[in-house]
Amino acid sequence: MNPPFLPARRDVDIIFRPFVHRKIQLKGRLVTATEDIPGSLVHDYRDSALIITEPLAIDDPAAQMVPTSPIFSGGSTLRHWKSRCRAVHAFDCKMAPLLYHAGLARDTAAFNSPEAIPAVGPSGIHPVTLQQVSAPMSRQRMDEIKTSFGRAAAYARQIGFDTVEIHGCGGYLIDQFLWKETNHRTDEYGGSITARARFACEIVHAVRKAVGRNMPISFRFAQWKPGHDIARLVNTAHELEELLHPLCEAGVDIFHCSAIHYARPALEGSPLTLAAWVRMLTGKPTIAAGGIHHPNQVSPPIDLLRLLHASAFDLIVVNQS
């Protein structure tokens, strides 16, 4: 039996130990995933090493979740985020936009107008109800969306973001391709987990082409599915590896592993978390997320410190409150 882990000051200090990657260096291990940051409140995030924005829709006409969702395009929007990047950089902190397309998670009732572009999904299956609500999306729409992701990534690089994160979970479009319950395609984009990951890989490739070789790309994904408590994206380590390998080949540098709780085991029969599995299978840095409050507001959980010291993950997402 392992002896109890009793944190000393040096154990807690690991949270603020620099993270060094050949494409990005961070002053510590804390990541804040946040809503928009008013300029006057940027200092509240000064202990974070990396700030990931709220989900920002690419400029595809069907990308937004609701009409008020921010779109990462246009002069005023880009100027807004450029100013936030500058403010964050003043605290030696890095920043990433979280780019997404809602797919069939889109609130179609909120877009109830003759001009509204129809929501799209890999097989026309709604991610929560699992009912057929539309026809499978066409290759043309898929190509348009990949181009939009690349264009958004190019904007991010131009205005001073340090890295780009692609949203591949939460029931959004990429997640709809990855999950077998929402992807019934019979072409090369459906079937095995590797085939279902093809669209995600092509988006990563488009983003990589837009940002160049030296800007890091993070990919967020999860086992859990909104509205489906026992759902899993993959069931075995072999399936997980078949998902991760092509994403690495496409250009992912860091995996953001979203979970209900950062320490929850990811696969039956193993105590390893999703972030730990991903780190072991790919050798890539991982971000763990789920259930952590800011260490300045509560004592760091012993499990968090133990997993950081064991290199189960590299970075940890903290809640805002």
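1. Secondary structure. This predicted model has nine helices and 10 strands.

2. Burial and surface. The protein has 321 residues, and 54% of them are buried.

3. Contacts along the sequence. Take the contacts between residues at least 6 apart in sequence. Of these, 70% join residues at least 24 apart.

4. Helices α3 and α6. Two packed helices are described by the angle between their axes and the distance between the axes. Helix α3 covers residues 139-159, and helix α6 covers residues 198-211. They pack at about 35°, with axes 8 Å apart. Their crossing is right-handed. On the α3 side, the contact is made by M142, I145, K146, F149, G150, A153, A154 and R157. On the α6 side, F199, E202, I203, A206, V207, A210 and V211 take part. By class, the contact residues of this pair are 11 nonpolar, one polar and three charged.

5. Helices α7 and α8. Helix α7 spans residues 237-250, and helix α8 spans residues 274-282. The packing angle is about 65°, and the axes lie 10 Å apart. This crossing, too, is right-handed. From α7, the contact draws on A237, L240, E241, L244 and C248. From α8 come L274, W277, V278, L281 and T282. Eight of the residues in this contact are nonpolar, one is polar and one is charged.

Notes
Residues numbered from 1 in each chain as written. Predicted model: local features only at pLDDT ≥ 70, side-chain atom pairs only at ≥ 80, totals over all residues. Heavy atoms only, no water. Axes fitted to C-alpha atoms, helices over the stretch in contact; angles between N-to-C directions. Helix = DSSP H or I, 4+ residues; strand = E, 2+ residues; numbered from the N terminus. Left-handed = near helix turned anticlockwise from the far one by under 90°. Contact = heavy atoms within 4.5 Å. Nonpolar A, V, L, I, M, F, W, Y, C, P; charged D, E, K, R; others polar. Buried < 20%, exposed > 50% of the residue type's maximum accessible area, 1.4 Å probe, protein only.
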